Amino acid sequence: MDDKKPTSFTFEIDNLSEKKGLISSPKFLSGNDEWFVNVYPNGYHIDERLSLHLQVANPESLPLGWKKQASYSFALLNQSGEELYRTPESCKLFRPQFTGWGSPKAFTLQKLKDMGYLENKLILKVDVKVIEAVDEGAVTGNDMLDVRGFKVLYSQLPLVNKLFRKHPDIAVNFKLKNQSVKTTYMNFLLGLIEKLDKPSPSFTEIELSNAQSELIDLTEAGFELDWLKKKLDEISLEKKRGLTDGSPVQEIDEHIKNLNLELEKEKGKSATCAAEVLLLEQTVSDLRVELSKEKKKSASSATEVLLLEQMVLDLKVELSKEKDKSATPNDLLEGVVSWEVLDYADIYTNEKGEE
């Protein structure tokens with residue numbers, strides 16, 4: 001097939017005014033690949049417009065490193081198949097990071113309303129011409145590619161592209177700019193999404209609590225995750241219902257699982273605490289030995305002080321007796337006694353200092 005041969009595809013939408021969500025056209029061939037059109041009745045990031053986007057179908061099934069350069073335009077037809085309005089032609093490069101391009105401002109809803117197309121049949125046509133198709137064959141599952149500003153593994157592309165298609169505003173308010181940090185948060189988010197895809201009964205209470213904490217961290221970083229919070233709330237509710245409706249044996253099994261997880265955590269804490277307790281006990285033992293030594297020193301010092309005090313009293317008595325004697329001998333005795341008292345006082349002072 002000639003890749004450069006233009007292809008036209010026409011499809012119809014009934015009662016557009018009643019449509020609220022995304023509308024996807026049937027698939028069609030242009031070049032060697034399938035395409036389809038996404039229609040946004042209420043606009044894509046813009047109000048009061050009918051937005052149209054051309055998408056590559058099944059991009060995950062294409063060869064590694066694929067690229068397709070194609071030109072396209074959209075047209076509005078009347079009931080006779082005549083063109084009433086056509087968007088300007090665009091030429092874009094479609095690749096794993098960008099599997100769809102479009103015209104957010106294709107048609108105003110007011111114009112469609114004035115022409116009566118909101119309540120009647122809307123006929124749209126897309127013209128596609130594949131200019132060049134390339135299979136580089138150089139990308140591996142471990143290569144990093146850019147998707148909406150996030151570096152992701154090639155193997156993650158299907159999930160990331162699906163994530164942005166279903167939730168195009170998910171990272172509009174993402175706060176962090178560092179590329180490695182952004183990659184970490186995206187992996188964090190993909191892991192949480194994968195985790196919440198498990199059947200509800202398989203979750204433990206601790207796993208649900210951890211998932212709740214992860215969701216809070218991702219939300220605080222700027223991700224719009226109301227849809228994921230709703231899913232987590234539903235899982236938690238189903239889990240509670242299962243425990244309420246289940247048999248006592250099931251409840252006990254669940255409780256045992258949670259206790260085992262808590263036990264593993266506490267074992268790590270206990271090892272640290274045990275070492276601290278042993279160190280504290282050794283410190284207390286050393287202090288007791290020191291205290292015992294000091295008590296012995298204090299007892300000995302107290303005895304020596306009492307002995308000195310008694311000696312001083314005895315000397316005072318002797319001094320009093322000698323006062324009745326003559327003055328000269330008395331003066332001599334007082335001098336001797338004074339020196340002895342001073343000597344004992346020095347001994348007493350030194351002993352107190354050593355204590």
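**View 1. The lining of the largest pocket holds 12 nonpolar, 10 polar and 4 charged residues.** Ala, Val, Leu, Ile, Met, Phe, Trp, Tyr, Cys and Pro count as nonpolar, Asp, Glu, Lys and Arg as charged, and the others, Gly among them, as polar. This is a predicted model: local features need pLDDT of at least 70, side-chain atom pairs count only at pLDDT 80 or more, and totals for chains, interfaces and linings use all residues. Residues are numbered from 1 along each chain as its sequence is written, and side-chain values use heavy atoms, without hydrogens and water.

**View 2. The largest pocket contains about 510 Å³ of space.** Its lining has 26 residues, and the closest to the centre are His 53, Gln 55, Gly 100, Arg 148 and Arg 165. Two or more residues each come from β4 (33-40), β5 (49-56), β9 (100-108) and α2. β9 gives the most, with 4 residues.

**View 3. Helix α2 (residues 157-166) crosses helix α3 (residues 179-195) at roughly 85°.** Their axes come within 12 Å. The angle makes α2 roughly perpendicular to α3 (65 to 115 degrees). On α2, the contact (heavy atoms within 4.5 Å) is made by Leu 159, Val 160, Leu 163 and Phe 164. On α3, Met 186, Leu 189, Leu 190 and Ile 193 make the contact. The residues of this contact are 8 nonpolar, no polar and no charged.

**View 4. Leu 157 lies in helix α2.** Leu 157 counts as buried because its relative accessibility is 4% (buried means under 20% relative accessible area, with a 1.4 Å probe and protein chains only). Leu 157 and Pro 96 are 61 residues apart in sequence. In space, they are 7.0 Å apart, C-alpha to C-alpha.

Note on methods:
Axes fitted to C-alpha atoms, helices over the stretch in contact; angles between N-to-C directions. Parallel < 35°, antiparallel > 145°, perpendicular 65-115°, else oblique. 1 Å grid on protein atoms, 1.4 Å probe; cavity = no way out; pocket = protein on both sides within 12 Å on 5 of 7 lines; lining within 4 Å. Points joined across faces, edges and corners; volume = space filled by probe spheres on them. Buried < 20%, exposed > 50% of the residue type's maximum accessible area, 1.4 Å probe, protein only.
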